[in-house]
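Subject: Structure handover and notes

Dear colleague,

Here is the structure I said I would pass on. Please look through it first; my notes follow below.

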Amino acid sequence: MSALATAATTPVPAPRLALLGTGLVGSAFVARHARLGGAAAGLPGFRWLANSRTCAGCGEDAGTALDAARAAPQGAAGHVLAAIERGDIVVDATASDAVAARHAEWLARGIHVVTANKLGHGAGIDRSRAICDAQARHRSRYGDGATVGAGLPLLASLRTLVAGGDRVHAIEGVLSGSLAWLFNGYDGREPFSARLRAAREAGYTEPDPRIDLSGEDVRRKLLILARAAGWPIAAEAVAVRSLVPAALASVQGEVADEAWRALDVPLADRLAEARRDGGVLRMVGRVDAAGATVGLRVLAPTHPLAGGEGTDNRVAIWSDRYPAQPLVIQGPGAGAEVTAAALLDDVLRIAAG
């Protein structure tokens, strides 16, 4: 038998999953995987679960391995994944820069990467280029649909337009589910700090809301969208107008609840300004040929981003195909369940070949 015939008849090993991150998103991913079970043909099984404290192999019962990983003591070694092989799938459910820094390395080894971590294409341009280069050279696949819009078909739609020859003129978006919730319902009847406290208690914001209010999360998502559209923008080229006062930005550790009252007067003034202009307040990221910005804006009620409710993300894309009336994509932009669903969608797509 020829070598070619032998290769054609040799079964390709089924991919195995290595999940990094056992927090809300990682736990939701394990639960969704278990619910789907045998209902999805070709769904890879778990081989490893890892967090910053431990890396453990797991068999049929990923839930038990998840509980053990979450209960592992501080100081235990984590992310020890030397056994992953070509064709396996790493699922990055962390927000770790150190993990994102390994995406290109894994891809170069023929290991597929599925990620909710925005620090791959949403960090330095060199890292983003390395990810693209590793994909092209080694035919490994990178599933990042969960990084923007918690799985809304934003990146897929944008890449389809570009692949079809469309030229993108501008992208604007309400890209943070937490900031969307804060401003969609901010009407001045309660101080902004009270609304921020409600958002924290509901789990909409990061444990440190400065991450949301600084615009850093929006900046990363805007970079991911811009690079998908063909604009190789450097991270430092995005002009971000943070909502965090300098006095709070410099606080080490957790900010006390009463300190957030420093936001009340400035944002009440911005709300009054918006109402005088007949508009609404939204935290918007925009990229076009002139540059990229993130900041709080007053939008007319007819603006494509003025609608939405709750944690909705809303993105408008202007292009040769959509020059006057943009393509608008809207839907829930926050939550562990929708993010986990987007991760699993990418896993299934990659496993199907």
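Helices (H or I, at least four residues) and strands (E, at least two) are taken as DSSP runs and numbered from the N terminus. By that scheme, Arg-139 is found in the loop between helix 6 (125-138) and strand 6. This is a predicted model, in which local features need pLDDT of at least 70 and side-chain atom pairs count only at pLDDT 80 or more, while totals for chains, interfaces and linings use all residues. Residues are numbered from 1 along each chain as its sequence is written, and side-chain values use heavy atoms, with hydrogens and water left out.

Overall

The protein chain has 14 helices and 12 strands. Its radius of gyration is 22 Å, close to the 20 Å that the globule rule gives for 353 residues, so the chain is as compact as a globular protein of that length. (The radius is taken over C-alpha atoms, and the rule is 2.2 Å times the number of residues to the power 0.38.) Along the principal axes, the C-alpha trace spans about 80 × 50 × 35 Å.

Of the 353 residues, 48% are buried. Buried means under 20% relative accessible area, exposed over 50%, and partly exposed in between, with a 1.4 Å probe and protein chains only. The accessible surface of the protein chain comes to about 16,100 Å², and 53% of that belongs to carbon and sulfur atoms; the areas come from the Shrake-Rupley method with a 1.4 Å probe, and for residues only the protein chains shown count as cover. Taking contacts (heavy atoms within 4.5 Å) between residues at least 6 apart in sequence, 66% join residues at least 24 apart.

The expected span is 1.5 Å times one less than the number of residues. Ile-125, Ser-128, Ile-131 and Ala-134 are the buried residues of this helix, and what covers them includes helix 5 (103-108), strand 6 and helix 11 (216-228). Just after helix 6 comes Arg-139 with a positive phi of about 55°, a positive value in a residue other than glycine. Arg-139 has a relative accessible area of 76%, so it is exposed.

Helix 14

For helix 14 (residues 336-351), 16 residues should span 22 Å, which agrees with the 22 Å between its end C-alpha atoms. Its buried residues are Thr-339, Ala-340, Ala-341, Ala-342, Leu-343, Leu-344, Asp-346, Val-347 and Ile-350. These pack against strand 1 (16-20), helix 2, strand 4 (89-92), strand 5 (112-115) and strand 6 (142-143). Gly-353 follows helix 14 and has a positive phi, near 85°.

Rings

There are 4 aromatic pairs in the structure. Rings of Phe, Tyr and Trp (its six-membered ring) pair if their centres lie within 6.5 Å; planes under 30 degrees apart count as stacked, over 60 as edge-to-face and the rest as tilted. The rings of Phe-29 and Phe-46 have centres 5.9 Å apart and planes at 90°, so this pair is edge-to-face. Because Phe-29 lies in helix 2 (residues 24-36) and Phe-46 in strand 2 (residues 45-50), the pair ties together parts that are 17 residues apart in sequence. Phe-29 and Phe-46 are both buried.

Tyr-186 and Phe-192 also make an edge-to-face pair, at 5.2 Å centre to centre and 85° between the planes. Tyr-186 is buried at 7% relative accessibility, and Phe-192 is buried at 0%. Together with Phe-183, they form one aromatic cluster.

A charge sits over a ring if NZ of Lys or CZ of Arg is within 6 Å of the ring centre and within 35 degrees of the ring normal. The charged end of Arg-195 sits in this way over the ring of Trp-181, 3.8 Å from its centre. Arg-286 lies over the face of Trp-318, at 6.0 Å from the ring centre.

Two loop residues

Gly-164, in the loop between helix 7 (154-163) and strand 7 (168-174), is exposed, with a relative accessible area of 57%. Ala-262, in the loop between helix 12 (246-249) and helix 13 (264-276), is partly exposed at 40%.

Regards
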